[in-house]
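Please look over the sequence and the model below. The paragraphs that follow go through the domains, the interface and a few side-chain pairs.

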Amino acid sequence: MDKLSNVESATIEALMQEKRHFEPSKSFTDQANIASKAIYDHGKDYVSFWEEQAAAITWRDQWTSVLDWSNAPFAKWFVDATLNVTESCLDRHLETRGDSVAYHFEGEPGDSRSITYAELLKEVNKLANGLKSLGVEKGDRIAIYMGMVLELPIALLASARLGAVHSVVFGGFSADSLRDRINDAGAKVLITCDEAWRNGNRIPLKSFADAALEQTPSIEKVVVVKRTGADIPMRVERDIYYQDLVCEQSDELNAVKTSSEDPLFILYTSGTTASPKGILHTTGGYLVGAAFTHKNVFDIKDGDIYWCTADIGWVTGHSYVVYGPLANGCTSVIYEGVPNFPDKDRFWAIIEKYKVSQFYTAPTAIRTFMKWGTSYPEAHNLSSLKVIGTVGEPINPEAWMWYQQTIGNASCPVVDTWWQTETGHIMISPLPGITPTKPGSATIPLPGIAVDIFDDHGTSVGLGGGGYLVLTEPWPGMARTIYKDPQRFIEVYWSRFSNSKENKWIYFAGDGAKRDEDGYYWLLGRVDDVMNVSGHRISTLEVESALVDHHSVAEAAVTGRSDLTTGQAIAAFVTLKAGFQGDDALIAELKEHVATKIGKIARPASIVFTDELPKTRSGKIMRRLLQDVAEERKLGDVTTLANADVVHEIAARVHASTTAKTPAPD
Ligand code: WTA
């Protein structure tokens, strides 16, 4: 299963040759929130470090202890404390910045709306009161399946206001994916939109939701935001328009008191099996981590305009569009659509329009912008930018340099931030006022975060070595469990390197990494069967099971192959049942089938038909060899194969195939 050998590949060696580095400018350091490197030493006592950071949010009752790790790996942070996260994100700002804008919303068709903190609190209260009238209580799960409209953060916050648990399902997922996530969470209410705007098209979210709702017995009510105003079927006893639900509601509501360890949200992410894992995050520690990292990684000041381009359907949107920025009282931009609508300069036009000072996006987007050329950013005034960031996948030094020079005008610090759905907030990243950067490296762990790199035997590899990225001490935003499956939580993340007898718990992140002589971390991609396509995590097994679900497919194997734009692209190898013809029409049909089963993001870039898949004598499919084949590399060791000839045959087919195309980044 592991692909640690990839860690030794030629590209990685090339990365390690990267010698450029950039010191923070004195003028930046002089004004930075964190201007002294002493904070790194300070963070070594991580418990007291995080306790200090907890002062930045509003609590009702104080904690009796900062960390309870006695039931590891199930952590409790800020034990016995109580709060409601929306009081930190909304209520407390009224006195100091009630009239300042929380969000500037920019619709894809060109409409826009700005909402102040005072207005946002009222909207949240109205929806929370509406949800309450539908029977939502503390601890209930609310599924959210929407486009990037203002009602989306409002929905998350209204859920939190009631002490309910939100489970956001990215609007690009299919009806089947939505159904499975609703059922796993046992959600009582679904909040969705009539349609979403995407690339000038209308995406029929409510009709996808209706298909999912055929098989979701737990859902009692469906709240539908009118976004496009399309004429859509509404089921009288079940569906209600958001606008109708909130119009009669009071804009006041006392937030429900929650404990620090009450669940705040579930977010599903792909693992190494076909069924996604419901990552469960709780309240107090999560908010402390999101607020601290947002404020200091992006060096947020009053008056700044911050824009994270991530969809709220992913963890980046949860922590860095909703909770972190709002806890810091920051003004954010939310943009609904794609970067090339109506033209390829839309992002730069938005930065110019709102005078964005911090911009946070994904490497795959940056590589796409590089491909489109510099004329698009050059047509706009980007001089408002102060810090620019990336997240979601490794960024190659070339894209990093392009970003720094073309978008950052060679003057903005670039913050490459490594973290995961499971970590809740940023873990490895420069602090822009004090950490020298190197193109392609996420630099060093944030203060209060303990990271290491282990070899196969669980030994730290030391400077200059490569291996598995691990986290060696607990941190406040850590996932608390996999929803309804604590055993899987232990197995997936905590079994590999922990020594439970000695009570030493090591979190295995699933990423390969190398550490250079200066202690800088270079992330090298996943070492498990998880692909990373345009920054989205997709499991090989999920795509395989979608393929074998098609009536023509006998067997399928899927691997991620490198792609210059999307990081990885999905390469599928398929054996057909007798009587089916492997032609272009079937390739198109199978790609569509996967998109329908999982979502467009999982559509294979290439499908190659083969009479057999390469297998070991015990019948295990050798995906690593298929990755060699897909990347047209020299083949690895084939001696363990039961059917070695087949690999050469597939390799010849891949080589001959000119049909392999890369999908546009989402
Ligand atoms: C990858 C997104 C290299 C990594 C916040 C991780 C990165 C997975 C970086 C988590 C980065 C994220 N450099 N790789 N800066 N950031 N990754 O859960 O493989 O959607 O395990 O969280 O993305 O993806 P997730």
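How many salt bridges does the structure hold? The structure holds 42 of them, a salt bridge being a side-chain nitrogen of Lys or Arg within 4 Å of a carboxyl oxygen of Asp or Glu. This is a predicted model, in which local features need pLDDT of at least 70, side-chain atom pairs count only at pLDDT 80 or more, and totals for chains, interfaces and linings use all residues. Residues are numbered from 1 along each chain as its sequence is written, and side-chain values use heavy atoms, with hydrogens and water left out.

The chain is divided into domain 1 (4–471) and domain 2 (531–656), with bounds that come from an automatic or database domain assignment. Taken over C-alpha atoms, the centres of domain 1 and domain 2 are 32 Å apart. In the interface, 27 residues of domain 1 are in contact with 23 residues of domain 2, where contact means heavy atoms within 4.5 Å. The size of an interface is often given as the accessible area lost when the parts come together. Between domain 1 and domain 2 the buried area is about 1800 Å², and carbon and sulfur atoms give 42% of it; buried area is the accessible area (1.4 Å probe) that two parts lose on being put together, summed over both.

Two salt bridges are counted between domain 1 and domain 2. The side chains of D176 and K597 form a salt bridge at 2.8 Å, N to O. Across the interface of domain 1 and domain 2 there are also 14 residue pairs in polar contact, both residues at pLDDT 80 or more. A polar contact is a pair of N or O atoms within 3.5 Å; within protein, one must be able to donate a hydrogen and the other to accept it, and residues adjacent in sequence count only if both atoms are side-chain atoms. On the side of domain 1 that touches domain 2, α1 (4–7), α10 (175–185) and α16 (363–372) each supply at least two residues, and α16 gives the most, with four residues. Helices (H or I, at least four residues) and strands (E, at least two) are DSSP runs, numbered from the N terminus.

Other salt bridges can be taken one at a time. K206 and D239 meet through their side chains at 2.9 Å, N to O. Because K206 lies in helix α11 (residues 205–213) and D239 in strand β12 (residues 239–241), the pair ties together parts that are 33 residues apart in sequence. K206 is buried at 1% relative accessibility, and D239 is buried at 8%; buried means under 20% relative accessible area, exposed over 50%, and partly exposed in between (1.4 Å probe, protein chains only). The salt bridge of D628 and R633 has an N to O distance of 2.7 Å. Here D628 is buried, with a relative accessible area of 8%, whereas R633 is partly exposed at 38%.

In helix α23 (residues 644–656), E649 and R653 are four residues apart and so separated by about one helical turn. Their side chains form a salt bridge at 3.2 Å, N to O. E649 is partly exposed at 38% relative accessibility, and R653 is partly exposed at 33%. Salt bridges that share partners also join D176, R179, D180, D549 and K597 into one network.

E87, in helix α6 (residues 85–91), is buried with a relative accessible area of 15%. Its side chain makes a polar contact with the side chain of R60 at 2.8 Å.
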